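Student: I am new to this structure. Could we go through it one question at a time?

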Amino acid sequence: MKYKEIISEIKSVRVYKKEEVDANLLKELKQYYEQGKRLVDDIEVEVIRKSRDEVFEQLKDYAGYNDRMIEAPHYLIFLSEEKDHYIENAGYRAQDIMLKAWSLGIASCWITFEDGEIIKNKLGIDSDKKLAALIALGYEEPQFKVLYEKGKYNTSSNVKVIDDNTSERLGIRDLVFSKEWGKKADPDELVNYGLLEGFFYGILAPSYKNRQPWRFIVDNGTVVLAVKKDIYVTEYKEKIDTAVIMLYFEAIIESTLYDITWKFGKPEKDYKVPCDYKIAAYCIV
Ligand SMILES: Cc1cc2nc3c(=O)[nH]c(=O)nc-3n(C[C@H](O)[C@H](O)[C@H](O)COP(=O)(O)O)c2cc1C
């Protein structure tokens, strides 16, 4: 997959055309999923595709930001065996599917939820596996944001239309530290390690409410990933945010340099990470 190209284009899509996605494309997506990237090898994950009529009304007041469910022609429901890091594993695989879908012209969006058992119940899913991800899927209905210039009459001449393609992102300088917490990394140093692109594209990763909770510490050949703990963010959302950035960073480094493997947990060295952050994982580059 051309990760750089896709990552620089993809966005969350919340308004979809009613038409269903071409059956051959859905088949290709399924095949990709079966062979796609995994974060943890031995966790069984089942993906169920359901239609609008099977999901939208049922979850209307139970999923999405402020329980505002997203209407789409298809939904992917990821059910996982409950093992260590099963949420991160499902999040990583779901995001990889979303990138693949985008490469096929199919848009998507994460849909958050509080209680997976309630969602399963509402959808009539009888399974021992845990609900690990819920994704809306379909063709994008193009939307435009219309900004009216202040203090002027609303006529077509003073209406500015902008594409709503982008959500804002923090800069690499805010997110990447060198050797210890708080010491900003020098981009030249990141180039020397071959890591700049990994961060450049990595920080385009989606996150819950776009909170961009990730921070990195580059320490010689080690990249440490720390994630912000917010009281309003559940463990589930924090883990999905973690998994998504792991995928983005890894996919870019692998497409430019070499394979890397993330390890969960923290290295022995004390990086003086403040108490509202926690080290989630690290890798050797
Ligand atoms: C764990 C997670 C849950 C999310 N839940 C929702 C949601 O329920 N509704 C929604 O509209 N967007 C949801 N999003 C999408 C984010 O708001 C979006 O990725 C972020 O604002 C950045 O925008 P972008 O993806 O267009 O770059 C979620 C994203 C993640 C990673």
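**A sheet, a helix and a ligand shell**

Tutor: Start with a pair of residues. This is a predicted model. Ser178 stands opposite Val218 in E8.

Student: Which strand does E8 join through three bridges, running parallel?

Tutor: Take strand E8, residues 214-219. Three bridges link E8 to a parallel partner. That partner is E7.

Student: Which are the edge strands of the sheet?

Tutor: The sheet is open and has five strands, with mixed pairing. Their order is E7-E8-E9-E11-E10. An edge strand here pairs on one side only. The edge strands are E7 (176-178) and E10 (262-264).

Student: By what angle are neighbouring strands of this sheet turned against each other on average?

Tutor: Direction is ignored for this figure.

Student: At about what angle does helix H9 run to E9?

Tutor: Helix H9 spans residues 235-256. H9 lies across E8, E9 (222-228), E10 and E11 (277-284). Its angle to E9 is about 150°.

Student: Which element gives the largest share of the shell around the ligand?

Tutor: The ligand is surrounded by 20 residues, and Ser12 and Trp110 are among the closest. Strand E3 (107-110) and H9 each give two or more residues to the shell. The largest share is four residues, and it comes from H9.

Student: How many residues of the shell around the ligand are charged?

Tutor: Domain 1 (3-138) and domain 2 (172-284) each supply at least three residues of the shell. Nine residues of the shell are nonpolar and six are polar. The charged ones number five.

Definitions and conventions:
Residues are numbered from 1 along each chain as its sequence is written. This is a predicted model: local features need pLDDT of at least 70, side-chain atom pairs count only at pLDDT 80 or more; totals for chains, interfaces and linings use all residues. Two strands pair if DSSP finds at least two bridges between them. Axes are lines fitted to C-alpha atoms, for helices over the stretch in contact, and angles run from 0 to 180 degrees between N-to-C directions. Two residues are in contact if their C-beta atoms, placed from the backbone, lie within 7 Å. A residue is near a molecule or strand if its C-beta atom, placed from the backbone, lies within 6 Å of it. Ala, Val, Leu, Ile, Met, Phe, Trp, Tyr, Cys and Pro count as nonpolar, Asp, Glu, Lys and Arg as charged, and the others, Gly among them, as polar. Domain bounds come from an automatic or database domain assignment.
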